Amino acid sequence: MSLPLGIQARVMLAAVALEPCCLCGGPSNGAGIFEPGAGESHLYGVPEGKQRWCFYSLCRSCQGEADAFDRVEAHLQTLCRGVR
Ligand SMILES: [Zn+2]
């Protein structure tokens with residue numbers, strides 16, 4: 001029996017929140033979920049039409065950076081490339 005998707009997402013967020021910041025390696029201040037948009041799936045190693053959620057953590061300092069989410073997307077693309 002698997003957990004409902006919403007519960008799985010919360011469990012993953014809690015687990016990722018304990019990881020260091022994905023941009024600088026500093027202590028995490030929270031976690032987020034990124035879902036590639038339509039037409040972007042291939043950038044994250046996912047066939048078109050297949051859903052992928054990417055979980056990440058950020059420290060307080062990086063959360064305040066204006067380009068933080070652009071950097072997170074670039075980081076996730078690098079991380080997910082080739083992963084199916
Ligand atoms: Zn950081």
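Predicted model: local features only at pLDDT ≥ 70, side-chain atom pairs only at ≥ 80, totals over all residues.
**Group meeting talk: a chain with two paired strands**

Two strands are said to pair if DSSP finds at least two bridges between them. Within this pairing, I33 stands opposite F55 of strand 2.

Residues are numbered from 1 along each chain as its sequence is written. As for pLDDT, which is the predictor's confidence in each residue on a scale from 0 to 100, the protein chain averages 86, and 95% of the residues score at least 70. Confidence is lowest in helix 1, with a mean of 83, and highest in helix 2 (residues 60-63), at 95.

Now to the whole chain, which has three helices and two strands and, read along the sequence, follows the pattern α-β-β-α-α. Its radius of gyration is 13 Å, close to the 12 Å that the globule rule gives for 84 residues, so the chain is as compact as a globular protein of that length; the radius is taken over C-alpha atoms, and the rule is 2.2 Å times the number of residues to the power 0.38. Taken along the principal axes, the C-alpha atoms fill a box of roughly 35 × 30 × 20 Å.

Which parts are enclosed, and which lie in the open? A residue is buried if 20 or more other C-beta atoms, placed from the backbone, lie within 10 Å of its own, exposed if 12 or fewer do, and partly exposed in between. Of the 84 residues of the chain, 14% count as buried. Four of the five residues of strand 2 are buried, so this strand is largely enclosed by the rest of the structure. In helix 1 (residues 5-17), by contrast, the number of buried residues is zero out of 13, so the helix lies largely in the open. Helix 1 reaches 18 Å from its first C-alpha to its last, close to the 18 Å expected at 1.5 Å a residue, the expected span being 1.5 Å times one less than the number of residues.

Let us turn to the core. The largest nonpolar core has nine residues, namely C21, C22, L23, Y44, C54, Y56, L58, C62 and V72, and its largest share, three residues, comes from strand 2 (residues 54-58). Such a core is a set of buried Ala, Val, Leu, Ile, Met, Phe, Trp, Tyr and Cys residues joined through C-beta atoms within 7 Å. Leaving aside neighbours within four places in sequence, C62 is in contact with C21, L23, C24 and A68, where contact asks that the two C-beta atoms, placed from the backbone, lie within 7 Å.

G30 sits in strand 1 (residues 30-34) and counts as partly exposed, with 14 C-beta neighbours inside 10 Å; not counting residues up to four places away in sequence, G30 touches A17, S57 and L58. H42 lies in the loop between strand 1 and strand 2 and is exposed, with 11 other C-beta atoms within 10 Å. K50 has its place in the loop between strand 1 and strand 2, and K50 is exposed, with 10 other C-beta atoms within 10 Å.
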